[in-house]
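Subject: Structure handover and findings

Dear colleague,

Please find below the structure that I am passing on to you.

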Protein chains: 4
Amino acid sequence: MRGRIDVGLLGATGIVGTWLARMLRDHPWFRLAEVGASPASEGRSYGEVAALSSLPGGAEIPDEILALELKAPTDEWSSPLLLCALPSREAGRVEEELAGRGHVVVSNAASHRMDADVPLIIPEVNPGHLALVERQQERWPGMLITNPNCSVVGLALALAPLHRAFGLRMVTVATLQALSGAGRPGPSAGDMLDNVLPHIAGEEEKLAREPQKILGELQERTIQPAAFPVSAQTHRVPVTHGHLLAVSAKLDVPANPDEVVEAFAGFRGAVRDERLPSAPVRPIDVVDGEARPQPRLDRDRGDGMTVAVGRVRRCETLDVKFTVLVHNLVRGAAGAALLNAELCHVSGYSPKAGRR
Amino acid sequence: MRGRIDVGLLGATGIVGTWLARMLRDHPWFRLAEVGASPASEGRSYGEVAALSSLPGGAEIPDEILALELKAPTDEWSSPLLLCALPSREAGRVEEELAGRGHVVVSNAASHRMDADVPLIIPEVNPGHLALVERQQERWPGMLITNPNCSVVGLALALAPLHRAFGLRMVTVATLQALSGAGRPGPSAGDMLDNVLPHIAGEEEKLAREPQKILGELQERTIQPAAFPVSAQTHRVPVTHGHLLAVSAKLDVPANPDEVVEAFAGFRGAVRDERLPSAPVRPIDVVDGEARPQPRLDRDRGDGMTVAVGRVRRCETLDVKFTVLVHNLVRGAAGAALLNAELCHVSGYSPKAGRR
Amino acid sequence: MRGRIDVGLLGATGIVGTWLARMLRDHPWFRLAEVGASPASEGRSYGEVAALSSLPGGAEIPDEILALELKAPTDEWSSPLLLCALPSREAGRVEEELAGRGHVVVSNAASHRMDADVPLIIPEVNPGHLALVERQQERWPGMLITNPNCSVVGLALALAPLHRAFGLRMVTVATLQALSGAGRPGPSAGDMLDNVLPHIAGEEEKLAREPQKILGELQERTIQPAAFPVSAQTHRVPVTHGHLLAVSAKLDVPANPDEVVEAFAGFRGAVRDERLPSAPVRPIDVVDGEARPQPRLDRDRGDGMTVAVGRVRRCETLDVKFTVLVHNLVRGAAGAALLNAELCHVSGYSPKAGRR
Amino acid sequence: MRGRIDVGLLGATGIVGTWLARMLRDHPWFRLAEVGASPASEGRSYGEVAALSSLPGGAEIPDEILALELKAPTDEWSSPLLLCALPSREAGRVEEELAGRGHVVVSNAASHRMDADVPLIIPEVNPGHLALVERQQERWPGMLITNPNCSVVGLALALAPLHRAFGLRMVTVATLQALSGAGRPGPSAGDMLDNVLPHIAGEEEKLAREPQKILGELQERTIQPAAFPVSAQTHRVPVTHGHLLAVSAKLDVPANPDEVVEAFAGFRGAVRDERLPSAPVRPIDVVDGEARPQPRLDRDRGDGMTVAVGRVRRCETLDVKFTVLVHNLVRGAAGAALLNAELCHVSGYSPKAGRR
């Protein structure tokens, strides 16, 4: 564990931040050295304010981490690599300032995802987009890299093999999303009991825009977004973790369900020499069973980093339909950011050098 | 209350049957005179076996009804009008036999819905299809009339004004369906807690076929089904009552969301001189609020007979998308059958005469 | 409906206040004339801020009430009778000030329940305690009357017939309490899903003190509290409405379960010539069934004003044990306050005169 | 892993059996060699019928175990040690027959728990009771050892240090029990949503009898049960795993809450030279926080083998009250049986020898 890179974690006390702290516990490359939250928590210890109750098995973060004093986002950070799990409304300016000071900022926030010079990355899907950071030289000495929205990660991972094998013409998706995706405190129990909510603020817009950037092509330092439209209807359901997506897709080249299953099953992601420590063996699991995937049974596949796909069948209106399940906190947020940090590291975007 | 017509209720002890018994409590035209269940319950009193716990306020069925002795489906029934809430696997033969004995059978079961000579009716949408019973003379002296599947009622009611005003080219729907739609005992609590199920047996097939028959045209004693395909993805969620549908539709004649809202809001159903006692003032309510309709807040509109529609907006892939909520036990089942029985009555298909 | 007394409702926008507004809809004696909330909502319309989603069937409050402009608690109120559903932390001073201005204040808040000169009343149990208001002349020209905590109403109503028939030596109670008892927003869905909470702030203390005052004797203008201790353990469970209480009691005069059932079944409350409009036919229902009462099946008995008692059986450690269910929002809060206002009215404590 | 003892698992397909198979996965002493279920499943593979969906992370049982063919209970078993997770109504005769054939049978079933010659054991509490098997020579060549009911394990473990330090005079307990304790399929989702059930068949009787045997004394080959009565009220709540118990106790020697906390915190169980592999470091954790323990946050302490105790405070009616949480499937069932098997093994009751 020697020679690990110091990492600072902004927004450490929220649900995503707390899961990130847990995932960093025994990380082979990174060492959690600094934690920060909103200015209101500044000076308190991390353990006092962290969303520990969101973790599955209670206190799984080392005591020395829980004892760290919380910094404000705009404080001086000594770690070269900063992971940002701040709410999007707070993250925008902070991230710019920290990149301006030369940090490598790997962010889960939505603020800069659609910026023309900011890569929006799923390492198995579009690692090459990382080169877009070259354009950031015009803005700051550091780097800013983002991962998609939690639902988008599941959708884009599932669409990637279809996009590659058949091309995509249009996509319709309805989501059933878990409570932990709403952060703290999230919806009240009184509103969610014996109920579902047919709206999640900002979610449908993200599902309509982010997948095309991820599946787009980098040409002359610009992403040409993929052209297929995505229509989303999002719902909050009483599930702790795990977003379920009912997807219909129209393909450029017609394919039957068996061919689609084959594309899913064969997907291994962009081939790399070095394995990223947080990458799952399989990014996509095709699951059998007429009523699978299910949130409680399938969210922990690949330690939460594997997306489950099932019920692949012919669609009466488009071409094919299927069900996707993504662990919103792991593959969809904390693990997504961590995997991106790992990708940066092996890609030679050294946090110390700022840019190779 | 004099001169009410005697009604027999088959499948009286299930959830739908129990709600029917409750809706018949103070009915101005019908008097619940006989109740039946599967042969296993024969001879026991109705109150012992009825699904009383599915009713919202406890014991709301009169004691004299609860004291009735349960008959077997194939027993002699003296009531001219029979309401059938049997499970579909049991209903098929029984309904044929009872129509064969001259009864008017109004059924909630799926067994005969797609028969060429059996009307599949929502009174506000396609009351004229009732004339199809004329063709049944070839089969039996009685009559058999059916209502759609519980999700289909909500979908077809919402589609009806669009079909009429703009024409429909294709429809995609994802459902979040309540537990009571699964009957007794339905899914186990252990399977539904912290979970949703992405499959309901037979439901997607019904959503793919029944709407076209309902919105079809009766020509020369044959229904010409509407041509638009429907692609459904169905889910069971932990809600007591109320199916939510996320719908996207492609129209023949393009329309913007405001025009679609206008079509919904102006829908009054087929105009009739006589009002049916169980018909709501408005078959469709357009509800405001970015997170409406919701099952718990909107299922009881119009005493459960009004379908709520909300979130009407442009669809990125088809033309328009919106959310529909239908009380699966009332408008989707018990109330659907009762309304059909009322329609028969005012249409002069006298239960005594069998056929006018 | 002529000649109804004008009523002002403080804390009208919370869950209890909203249910009170609904119960006042068609009240034969009272007319809701003024509504108020915290100063933050002052000047907005009632409909904008009310907890309408807590009501079972949606918008059941008349439009003219929803259009009322909200007042601040310390504004001038013209109604002689004021119902107070403010949170206890806000209610204390406000109620004193309003009684100081001559209003009859009927409060659901905890602030003054244990004051020596303030009656804590359940009309069927201790209507005679109303005379305690005579002592309030020393404090103010108005009057202040309170109802118990929502769990205490259920417990004290169930204990009343045992106290009267056998005497009580000690009581142990464990509660399983509904979400709506926690007000808005209440616990988060993320904390309540797949979970129960073994603590409700302040609740065990109220269960330990309020029953003795209610079952105490008024002697020389002072309540002598009943002497039996009450030990409570309280829990929040994922139920919308309806608090369940598991009670064990030691009696002064030994009694077997049959005798205890008889005491419950025979309880009719203090006999009155005039019936209070909101009083149920039976304050206590003894329910059969080895797994009854249950929140969803039994909370609506007597329109929510009847407490259900079941599972009466021998206790291995004290004498007898049983289960109690009370609708926390109706009998336990909104209905409790309204019933007290009705009691005041028929007792000649005219709101206009202030004191008879 | 060499030289491990072959173990047969009866009732392997139920929830408890499936968790046992998972706990045996990498066991240092035992090797799962045979699995059985009811005769109806005979001949099918274990993986087809096992309650795999009850496991937290999906398929965590090795493929070679899932491929085993299921035996009927009365088949020939070659393993010397048999773990029995059959339902009690099936287990009685089967266990007698298998002990009659010389097997060491370690059972989770209730059938023989109260037999005078059958030890009812929690290894940290009453390991010495194991000697009671000597009396079984009169009945059969094998041995039969049982663990308590899932709620009783939590209660008896929490009472043990109090019994030892202060003596117990009487105990009152109300439980909030998880769904998985009800086995498959358990209560229906429709009955448990927005509801709790105030009754669990047979549970209150077990809580009233088993603790006294466990805390009793073995004198002249007979257990003298402890004398304190236990009064229980049991409830089913919508929680996946984890039974919560609200306990009040009257002590022989008065003690204040601090002394009681000290007794809990100091409890280490019967001291042994050999550590049992499934024994937790601490059988009891005293947890801080006014709303702890909670099922979701505390059930996994000590991998589910540690009971959490909190909210220790003075009781107004008895002496002290507190909250206990036990993972019903691990410490309360699968882990309880496995720990007993380990105790047998180190105690020299060699499965091969039958009896030492």
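Helices (H or I, at least four residues) and strands (E, at least two) are taken as DSSP runs and numbered from the N terminus. In those terms, Asp75(D) sits in the loop between α3 (63–66) and β3 (81–84) of chain D. Please note that this is a predicted model.

Asp75(A) counts as partly exposed because it has 14 C-beta neighbours inside 10 Å.

Chain A as a whole

The secondary structure of chain A amounts to 10 helices and 13 strands. The C-alpha trace of chain A spans about 60 × 50 × 35 Å along its principal axes. For 356 residues, a compact globule would have a radius of gyration near 21 Å, and the 19 Å of chain A agrees with this. Of the 356 residues in chain A, 61% are buried. Among contacts between residues at least 6 apart in sequence, 75% join residues at least 24 apart in chain A.

Domains of chain A

Chain A is divided into domain 1 (5–149 + 334–346) and domain 2 (150–327). The centres of the two domains, taken over C-alpha atoms, are separated by 23 Å. Where they meet, 35 residues of domain 1 of chain A are in contact with 29 residues of domain 2 of chain A. On the domain 1 side of this contact, α1 (15–23) and α10 (330–346) of chain A each supply at least two residues. The element that gives the most to that side is α10(A), with 7 residues. By class, the domain 1 side has 21 nonpolar, 9 polar and 5 charged residues.

The contact between chains A and B

Chain A and chain B each bring 36 residues to their contact. On the side of chain A, at least two residues each come from β6 (168–177), β9 (230–236), β10 (243–251), α9 (295–298) and β13 (320–326). Of the elements of chain A, β6(A) gives the most to this side, with 5 residues. The side of chain A that touches chain B has 19 nonpolar, 11 polar and 6 charged residues.

What rotation superposes chain A on chain B? A rotation of 180 degrees does so, with 0.0 Å of shift along its axis and an RMSD of 0.0 Å. That is the relation of a two-fold axis. In chain A, the C-alpha nearest the axis belongs to Ala174(A), at 3.2 Å from it. The copies meet through the same surface, because 100% of the interface residues of chain A are also interface residues in chain B.

The contact between chains D and C

Here, 36 residues of chain D are in contact with 35 residues of chain C. On the side of chain D, β6 (168–177), β9 (230–236), β10 (243–251), α9 (295–298) and β13 (320–326) each supply at least two residues. Again by contribution, β6(D) gives the most to the side of chain D that touches chain C, with 5 residues. That side is made up of 19 nonpolar, 11 polar and 6 charged residues.

In chain C, 9 of the 9 residues of helix α1 (residues 15–23) are buried, so the helix is largely enclosed by the rest of the structure. Among the buried residues of α1(C) are Trp19(C), Leu20(C) and Arg22(C). Their cover includes β1 (5–10), β2 (30–36), α3 (63–66), β3 (81–84) and α10 (330–346) of chain C.

The largest nonpolar core has 470 residues, of which Leu20(A), Leu20(B), Leu20(C) and Leu20(D) touch the most other members. Not counting residues up to four places away in sequence, Leu20(B) touches Leu9(B), Leu83(B), Ala85(B), Ala334(B), Ala337(B) and Leu338(B).

Yours sincerely

Key
Residues numbered from 1 in each chain as written. Chains lettered and ligands numbered in written order. Predicted model: local features only at pLDDT ≥ 70, side-chain atom pairs only at ≥ 80, totals over all residues. Core = buried A, V, L, I, M, F, W, Y, C linked by C-beta atoms within 7 Å. Buried ≥ 20, exposed ≤ 12 C-beta atoms within 10 Å, placed from the backbone. Contact = placed C-beta atoms within 7 Å. Nonpolar A, V, L, I, M, F, W, Y, C, P; charged D, E, K, R; others polar. Domains from an automatic or database assignment. Least-squares fit on C-alpha atoms with pLDDT ≥ 70 in both. Rg over C-alpha atoms; globule rule 2.2 N^0.38 Å.
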